[in-house]
Amino acid sequence: MIAVLNHPRLGEVTLAQSPRARRIAIRVRPSGEVRVSFPRGVSQRRALAFLDEKAAWVECARKRLAARRAALPPALPPDEEKARVEQLRRAAKADLPARIERLSRQTGLKYESLAIRAARTKWGSCSGRNRISLSLFLMTLPEHLRDFVIIHELCHTVHHNHSPRFHALVDRLTGGHEKALSRELRAFSIR
C-alpha cells in the first residue's frame, strides 16, 4: 500500500507499507522528498505519529541535503555528461576488477561475479547470490574510500544484512575505522 499525504509541517509525504520493512523508517531523498516505510501490522496512524516525532530531524536532513546540493558543481550539458560517464566507465573497468580481486584475496571473502554500472543511488550492492555490483562513480572517490566500499560489499557475502555482526566484520577488516570511513564517505555524493 502506498499513499501520498500532505503533512501539516513537512508537506507532501509518501507512506509505503511494505512486507519487507522490519520497522518504521524515514528516508529523505536529495530532492527533499520524504518517504515513510513501515511493516505490515503497523497502522498508518502509528507511522504518521512516528513521523511527527521525527519532524525536526526531517527538517534538519532537508537543510543538510539542500546545502550539499548547493555546493555541487553545476550539471554538465548532456553531451559533456555522457563523455564524462564514458570516461569514468573506462577508468572503472581498468581499476575496479583488479581492486576487488586484491581485496577478496586479502580478506578471504569470495564473490560470485562483478558488474560495473552507472548507478547513481548506491556506491555498490551485493545480491543474495554474492553478485557484486559497483557504481562507476566510485572512480570519483579517493582510493581508500573505493577500498572501503568494496570491503563493505564483500562483507555482504557473509552477512546479507546490516546487522551488528556485519558491522563488526567491516570494522575488523578496516582496522577499526568503519565509522570514520562511513562518515567520510557521506561527504561525497554520486553525480
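In this predicted model, helices H4 and H6 cross in a left-handed sense. Their axes come within 10 Å and cross at roughly 115°, which makes H4 roughly perpendicular to H6.

**H4 with H6**

- On the H4 side, the contact is made by His144, Leu145, Phe148 and Val149.
- On the H6 side, the residues are Glu178, Leu181, Ser182, Glu184 and Leu185.
- Sorted by class, the contact of H4 with H6 has five nonpolar, two polar and two charged residues.

**H4 with H3**

- The crossing of H3 and H4 is right-handed.
- From H3, the contact uses Asp95, Leu96, Arg99, Ile100, Arg102, Leu103, Ser104 and Thr107.
- From H4, the contact uses Glu143, Arg146, Asp147, Ile150, Ile151 and Leu154.
- The contact of H3 with H4 has six nonpolar, two polar and six charged residues.

**H4 with H5**

- H4 passes H5 in a right-handed crossing.
- Phe148, Ile151, His152 and Cys155 of H4 meet Phe166, Leu169, Val170 and Leu173 of H5.
- The contact of H4 with H5 divides into seven nonpolar residues, one polar and no charged.

**The nonpolar cores**

- In soluble globular proteins, nonpolar side chains tend to be buried together.
- The largest nonpolar core here has 31 residues, of which Leu96, Trp123 and Leu154 touch the most other members.
- H3, strand S7 (131-135), H4, helix H5 (164-173) and helix H6 (178-186) each supply at least two residues of this core.
- H4 gives the largest share of this core, seven residues.
- Apart from this core lies another, of 16 residues, and among them are Leu15, Val36, Phe50 and Val58.
- Leucine 154 is in contact with Ile100, Leu103, Ser104, Thr107, Leu109, Tyr111 and Ile132, leaving aside its neighbours within four places in sequence.

**Arginine 99**

- Arginine 99 sits in helix H3.
- Its relative accessible area is 6%, so arginine 99 is buried, the cut-off for buried being under 20%.
- Not counting residues up to four places away in sequence, arginine 99 touches Glu143, Arg146, Asp147 and Ile150.

**Asparagine 130**

- Most residues other than glycine have a negative phi.
- Asparagine 130 is not a glycine, yet it has a positive phi of about 65°.
- Asparagine 130 is found in the loop between strand S6 (124-126) and S7.
- Asparagine 130 counts as buried because its relative accessibility is 19%, under the 20% cut-off.

**Serine 18**

- Serine 18 lies in strand S2, which covers residues 11-18.
- Leaving aside neighbours within four places in sequence, serine 18 is in contact with Phe38, Pro39 and Arg40.
- Serine 18 and arginine 40 are 22 residues apart in sequence, while their C-alpha atoms are 6.4 Å apart in space.

**The chain as a whole**

- The chain has six helices and seven strands.
- From the N terminus on, its elements run β-β-β-β-α-α-α-β-β-β-α-α-α.
- Taken along the principal axes, the C-alpha atoms fill a box of roughly 50 × 45 × 30 Å.
- The chain has 191 residues, and buried residues make up 39% of them.
- Among contacts with a separation of 6 or more, 48% are between residues 24 or more positions apart.

Notes:
Residues numbered from 1 in each chain as written. Predicted model: local features only at pLDDT ≥ 70, side-chain atom pairs only at ≥ 80, totals over all residues. Heavy atoms only, no water. Left-handed = near helix turned anticlockwise from the far one by under 90°. Helix = DSSP H or I, 4+ residues; strand = E, 2+ residues; numbered from the N terminus. Contact = heavy atoms within 4.5 Å. Nonpolar A, V, L, I, M, F, W, Y, C, P; charged D, E, K, R; others polar. Core = buried A, V, L, I, M, F, W, Y, C linked by side-chain atoms within 4.5 Å. Buried < 20%, exposed > 50% of the residue type's maximum accessible area, 1.4 Å probe, protein only. Axes fitted to C-alpha atoms, helices over the stretch in contact; angles between N-to-C directions. Parallel < 35°, antiparallel > 145°, perpendicular 65-115°, else oblique.
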